[in-house]
Amino acid sequence: MPTASRPRYNCYAVTAPGLEPVTATELTALGMETGDTEPGGIPFRADEAELYAANLHLRTASRVLVRVAEFQATSFRDLESRARAIPWERFVVAGRPVQLRVTCRKSRLYHSDAVAERVRDAISHRLGAPTPSLAPADEEGEGGEAQLFVVRFSHDRCTISVDASGRLLHLRGYRQAVGRAPLRETLAAAMLLASGWDPELPLVDPMCGSGTIAIEAAMLSRQIAPGLRRSFAFQNWPEFRADIWAELRAAAMAAIHPAARSAIQASDRDAGAIAATIANAERAGVASDITATQRALSSIDPIPSPTGWLVTNPPYGHRVGDVERLRALYARLGQVARTLHPGWIVAMLVADPRLEGQVGLPFEDAFRTTNGGIWVRLAVATVPA
């Protein structure tokens, strides 16, 4: 429980568009004090332990930010004065490189490079050290030891946040082998959670690619925290509490189930995809929980369970294959689905309603988001009697 002696953080869980309700549900399940869902993320309040736990346990968020300042600035003099008052020493030590990601919209300070220069000078002034070097800021957060700060100007209002995650949270540490159209781990987890998958019931992915859905399912079933195999930016903060972090990791390790609670099957017609699935599952520590088999979609074995989930990410017709060529594939997926017991749930990412129609099931949308720059939706249906 939070105590008065611990600092409280105004946090923001950044997530892909459309996944905000899924991430908000995760935060609530972790006991976080959340605010109203916003486009792109969810604000929440956290003490040190809760901030660390959010990074350790969130399966669908992209990163966790801590808002360190918010103020009005219509001139560089305003910006310099307010930025120098920020307690930068709480989040970065002298000599450590920083990343500054700056956006300016509808503000009198519209030149992002000039804003970055003033903020960097403010950090130097506050730390009493030479101006920190600027590391390249990339989308994956691969800045090494650099600390990322996000500076956003909107209508002359400046919001400055510090990144608590480092590398993006979908980088769990297990996926090295990928297919032609890889699915992010965070999106795979969102598919499972939004489709309502019950870890006590079997799961099938007949077009598994590099196995991300099956691996995320196994981790979810065994209650393996997604951040156990990686490090985070907050571990480099001067106020980092190593004792709290050690307790959280120990509790997460103790909570892991020895095996998945149900059968998880992954198959693909491509031998390379199955090899990637097995290799990734071994790195994730869940290889024994997944049955990975090379076979065509039409050749998957009937599942004897009266209920279960078929969750998959078929090609969309944009980059992997064209719509006309994929009609038969989606029709076969519908045939396979109808061999399952009535009551089974079918969930798939789909970009083209014409292909969805080939499946022949009464789909409803669970969420809409982007994958690889393509707008997709999670279509969910129950196999009818």
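# Notebook: contacts, helices and salt bridges

**Entry 1, Val-98.** I began with Val-98 and, setting aside neighbours within four places in sequence, found it in contact with Val-92, Pro-132, Ser-133, Leu-134, Ala-135, Ala-146, Gln-147 and Phe-149. I took contact to mean heavy atoms within 4.5 Å. The model is a predicted one, in which local features need pLDDT of at least 70, side-chain atom pairs count only at pLDDT 80 or more, and totals for chains, interfaces and linings use all residues. Residues are numbered from 1 along each chain as its sequence is written, and side-chain values use heavy atoms, with hydrogens and water left out.

I placed Val-98 in strand β5. Helices (H or I, at least four residues) and strands (E, at least two) are DSSP runs, numbered from the N terminus. Val-98 is buried, with a relative accessible area of 0%. The cut-offs I used are under 20% relative accessible area for buried, over 50% for exposed, and partly exposed in between (1.4 Å probe, protein chains only). I also looked up the separation of Val-98 from Leu-220: the two are 122 residues apart along the chain, and their C-alpha atoms are separated by 34 Å.

How many residues of α6 are buried? I found 11 of 11 buried in α6 (residues 212-222), so I noted the helix as mostly covered. Just after α6, I noted a positive phi of about 60° at Gln-223.

I found Pro-314 in the loop between β11 and α9 (323-338). Pro-314 counts as buried, at 3% relative accessibility. Not counting residues up to four places away in sequence, Pro-314 touches Met-207, Tyr-330, Met-348 and Leu-349. I also checked Pro-314 against Leu-333: they are 19 residues apart in sequence and 9.3 Å apart in space, C-alpha to C-alpha.

Two packed helices are described by the angle between their axes and the distance between the axes. For helix α2 (residues 48-57) and helix α7 (residues 242-254), I read axes that come within 10 Å and cross at roughly 45°. That makes α2 oblique to α7. The axes are lines fitted to C-alpha atoms, for helices over the stretch in contact, and angles run from 0 to 180 degrees between N-to-C directions. Angles under 35 degrees count as roughly parallel, over 145 as roughly antiparallel, 65 to 115 as roughly perpendicular, and the rest as oblique.

On the α2 side I listed Glu-48, Ala-49, Tyr-52, Ala-53, Leu-56 and His-57, which meet Ile-244, Trp-245, Leu-248 and Ala-252 in α7. By class, this contact has 8 nonpolar, 1 polar and 1 charged residues. Ala, Val, Leu, Ile, Met, Phe, Trp, Tyr, Cys and Pro count as nonpolar, Asp, Glu, Lys and Arg as charged, and the others, Gly among them, as polar.

I then took Glu-48 separately. At 4% relative accessibility, Glu-48 counts as buried. Beyond its neighbours within four places in sequence, Glu-48 is in contact with Arg-6, Pro-7, Tyr-9, Glu-239, Arg-241 and Ile-244.

My search of the whole structure gave 20 salt bridges, each a side-chain nitrogen of Lys or Arg within 4 Å of a carboxyl oxygen of Asp or Glu.

I looked up Arg-126 with Glu-89, whose closest N and O atoms are 2.9 Å apart. This pair links distant parts of the chain, 37 residues apart: Arg-126 is in helix α4 (residues 112-127) and Glu-89 in the loop between α3 (76-84) and β5 (98-105). Arg-126 counts as partly exposed at 34% relative accessibility, and Glu-89 as partly exposed at 34%.

Next was Arg-108 with Asp-156, at 3.2 Å between the closest N and O atoms. Arg-108 lies in the loop between β5 and α4 and Asp-156 in the loop between β6 (147-154) and β7 (157-163), so the pair ties together parts 48 residues apart in sequence. Arg-108 counts as exposed at 56% relative accessibility, whereas Asp-156 counts as buried at 10%.

Last, I found Asp-243 and Arg-241 meeting in a salt bridge (2.8 Å, N to O).
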